[in-house]
Amino acid sequence: MTGEEMERAIEFLLQSQANFEARMGAFEARQAAFEEQQRRTDEQIAETGRQLAAYAETQSEFIGIVTGSMKNLTENMKNLAENMKNLAEAQARTERTVGETNARLDRLAVMVEQHIVAGH
């Protein structure tokens, strides 16, 4: 190999090495950018997990409140039904009493009328 060929070979090797180092630097920069993006993604996933946990807790509390309200409403409805039953029974007794009173008044009216007609 002549000196000129040797120089070209060395120059080729140096150029190849420089190209390799440039590609390696670009690769390392892309790798660093990828790792940074991965870190941000991991943080976002962790934040989303925290938010979902808070949302789930809020929903659990809401379900507990609604369940308690439904139980209270059910109890109130039972009480209302019992009160309505008692009211209906009291009204039926009142109607019987009024009916009996009216019958007695009718009998009294007949007696008074008979008494008047008889001249007393």
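Me: Which residues form a nonpolar patch on the surface?

Reply: This is a predicted model. In it, F62, I63, V66, M70, L73, M77, L80, M84 and L87 make up the patch. Together they have about 890 Å² of accessible area.

Me: What makes M84 partly exposed?

Reply: Partly exposed is the range between under 20% (buried) and over 50% (exposed). M84 has 49% relative accessibility, so it counts as partly exposed. M84 is found in helix α1, residues 3-117.

Me: And why is L80 called partly exposed?

Reply: The relative accessible area of L80 is 44%, so the label is partly exposed. L80 also lies in helix α1.

Me: How far apart are L80 and E5 in space?

Reply: Their C-alpha atoms are 109 Å apart. In sequence, L80 and E5 are 75 residues apart.

Me: How do you know that the span of α1 agrees with its 115 residues?

Reply: The expected span is 1.5 Å times one less than the number of residues. For the 115 residues of α1 that should be 171 Å. The end C-alpha atoms are 164 Å apart, which agrees.

Me: What follows α1?

Reply: G119 does. Its phi is positive, near 90°.

Me: How many helices and strands are there in the protein?

Reply: There are 1 helix and 0 strands.

Me: What makes the protein more spread out than a compact globule?

Reply: The globule rule gives 14 Å for 120 residues. The radius of gyration is 50 Å, well over that value, so the protein is more spread out than a compact globule. The box filled by its C-alpha atoms is roughly 170 × 20 × 15 Å along the principal axes.

Me: What share of the residues count as buried?

Reply: Buried means under 20% relative accessible area. Of the 120 residues, 0% count as buried. The protein exposes about 10700 Å², and carbon and sulfur atoms supply 61% of that area.

Me: How many salt bridges does the count come to?

Reply: The count comes to 5. The cut-off is a side-chain nitrogen of Lys or Arg within 4 Å of a carboxyl oxygen of Asp or Glu.

Me: What makes R8 and E4 a salt bridge?

Reply: The closest N and O atoms of R8 and E4 are 4.0 Å apart. The limit is within 4 Å, so the pair is called a salt bridge. R8 and E4 both lie in helix α1, 4 residues apart, about one turn of the helix. Both are exposed.

Me: Why can residues three or four places apart in an α-helix point the same way?

Reply: An α-helix has 3.6 residues a turn, so such residues point the same way.

Me: Which residue does R39 meet in a salt bridge at 2.2 Å, N to O?

Reply: R39 meets E36. Both lie in helix α1, 3 residues apart, about one turn. R39 is partly exposed because its relative accessibility is 36%. E36 is partly exposed too, because its value is 29%.

Me: Why are E43 and R39 separated by about one helical turn?

Reply: They are 4 residues apart in helix α1, so about one helical turn separates them. E43 forms a salt bridge with R39, with the closest N and O atoms 2.4 Å apart. E43 has a relative accessible area of 44%, so it is partly exposed.

Me: What joins E36, R39, R40 and E43 into one network?

Reply: Salt bridges that share partners join E36, R39, R40 and E43.

Technical notes. Residues are numbered from 1 along each chain as its sequence is written. This is a predicted model: local features need pLDDT of at least 70, side-chain atom pairs count only at pLDDT 80 or more; totals for chains, interfaces and linings use all residues. Side-chain values use heavy atoms; hydrogens and water are left out. Patches are made of residues with over 30% relative accessible area and no salt bridge: like charges are joined within 9 Å, nonpolar side chains (Val, Leu, Ile, Met, Phe, Trp, Tyr) within 5 Å. Accessible areas come from the Shrake-Rupley method with a 1.4 Å probe; for residues, only the protein chains shown count as cover. Helices (H or I, at least four residues) and strands (E, at least two) are DSSP runs, numbered from the N terminus. Buried means under 20% relative accessible area, exposed over 50%, partly exposed in between (1.4 Å probe, protein chains only). The radius of gyration is taken over C-alpha atoms; the globule rule is 2.2 Å times the number of residues to the power 0.38.
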